[in-house]
Amino acid sequence: MFKKLLLIASTCTIALAASAQTAATPWSEKPVTVVVPFPAGGSTDMVARAMAQHMGDKLGQNFVVDNRPGATGTLGAGAVKRAAPDGYTLLVSSLGAFVVAPHLLKSVPYDALKDFDYITVPVQAPNVLVAAPNQKARTVQEVIAQLKANPGKVSFASSGNGSSDHLSAEVFWQQSGTEGLHIPYKGGAPAINDLLGGQVEFSFQNVNAVLQHIRAGKLHAIAVTGDKRSPVLPDVPTLAEAGVAGAEVYSWQGMAAPKGLPAGVKKKLSDAAIAAMNDPAVKKRMQDQGMEVVASTPEAFAAYQAREFARWKTVIETRKITAD
């Protein structure tokens, strides 16, 4: 009888050990899908692919970027929200899906404050106020004088309603007591093309999108929207330095996952993401294009997302900005 009980106990011990080993199977069983809710080739896509490569190398598994554009980024973000919170589906998006679209659109398929676990802000970049080649203005005060002399008539191009370049213009007008004419385009490329051609007069563009044109002398850089000067445009003042306070705006990207990510998986992902952005080659690549590496912790990103969410809600409501 004793031998029989011993055999049963031994069998149970083996079964429990096998069960524990199964439960402790490391998180690396299948490829990780990184959803980018915009077309391939843009800034967000570039950042996501750099992160995917280095995170995959660090964690020893395959990270695959999946571009799912549509509905100003909310289509892809909604798909991530509906995915299992197991660490195998991630979202890398610009600030639009996280803090702008929820206030701009009548409905979005997620709650930006409740439906995601925030992992890191890999990079941010200020926008830069640029003038078309045929414009004489070279300082912020000259732009303001032009706006005051022609209220509501001086044109500012943007990559679309609610984009960071559009919001930069709205905040600039608000803080300088002026009003311009917003000309939205379907993307940054056509806006920049018309700016280069002189069809529009000014624009707040992402530094990385117009840096080559500034360096070639095709566009005139007047001021940046950051809280400090951009390392790639050291001679260009901030708006605050030029006399317009409270108009700081950064375009940023963020990595998130469906809400409910296991703590251990979340730490692995955040550690790998931060390490990827601090890789010397990746950091140099980002900085050369005018981006600033942030590589924030999940806690810092969650707090920042909440602040940005509240800020852009106020701006959009105050300025009566719509998606149309």
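Which residues of helix α7 (residues 188–196) are buried? I find A191, I192 and L195. For the record, buried means under 20% relative accessible area, exposed over 50%, and partly exposed in between, with a 1.4 Å probe and protein chains only. Helices (H or I, at least four residues) and strands (E, at least two) are DSSP runs, numbered from the N terminus.

Why do they sit on the same side of α7? They cover an arc of only 95° around the axis, so they share that side. The arc is taken from the directions from the helix axis to the C-beta atoms. I then looked at what covers these buried residues: the cover includes β5 (123–131), β6 (155–158), β8 (202–206) and α8 (207–215). Contact here means heavy atoms within 4.5 Å. After α7 comes G198, with a positive phi near 80°.

**Ground rules.** I'm working on a predicted model, where local features need pLDDT of at least 70 and side-chain atom pairs count only at pLDDT 80 or more, while totals for chains, interfaces and linings use all residues. Residues are numbered from 1 along each chain as its sequence is written, and side-chain values use heavy atoms, with hydrogens and water left out.

**Whole chain.** I get 11 helices and 11 strands for the protein chain. Its C-alpha trace spans about 100 × 40 × 30 Å along the principal axes. Of the 324 residues, 49% are buried. I also checked contacts between residues at least 6 apart in sequence, and 78% of them join residues at least 24 apart.

**Cores.** Next I went for the largest nonpolar core, which has 48 residues. Such a core is a set of buried Ala, Val, Leu, Ile, Met, Phe, Trp, Tyr and Cys residues joined through side-chain atoms within 4.5 Å. V140, V143, F156, F172, F202 and W312 touch the most other members. Helix α4 (residues 95–104) gives the largest share of this core, seven residues. Apart from it lies another core, of 31 residues, and I noted A48, F63, V123 and L261 among them.

**V143.** I found V143 in helix α5 (residues 140–149). It counts as buried because its relative accessible area is 0%. Leaving out residues up to four places away in sequence, V143 touches L129, A137, F156, F172, F202 and I222. I222 is 79 residues from V143 in sequence, but the C-alpha to C-alpha distance is 8.9 Å.

**T89.** Buried or exposed? T89 is buried, because its relative accessible area is 17%. I place T89 in strand β3 (residues 89–94). Not counting residues up to four places away in sequence, T89 touches T33, V35, V80, A83, A257 and P258.

**Positive phi.** Two entries for the loop. A71, in the loop between β2 (63–67) and α3 (74–82), has a positive phi of about 55° although it is not a glycine. A71 counts as partly exposed because its relative accessibility is 48%. T72 is in the loop between β2 and α3, and its phi is near 50°, a positive value in a residue other than glycine. T72 is at 47% relative accessibility, so I filed it as partly exposed.
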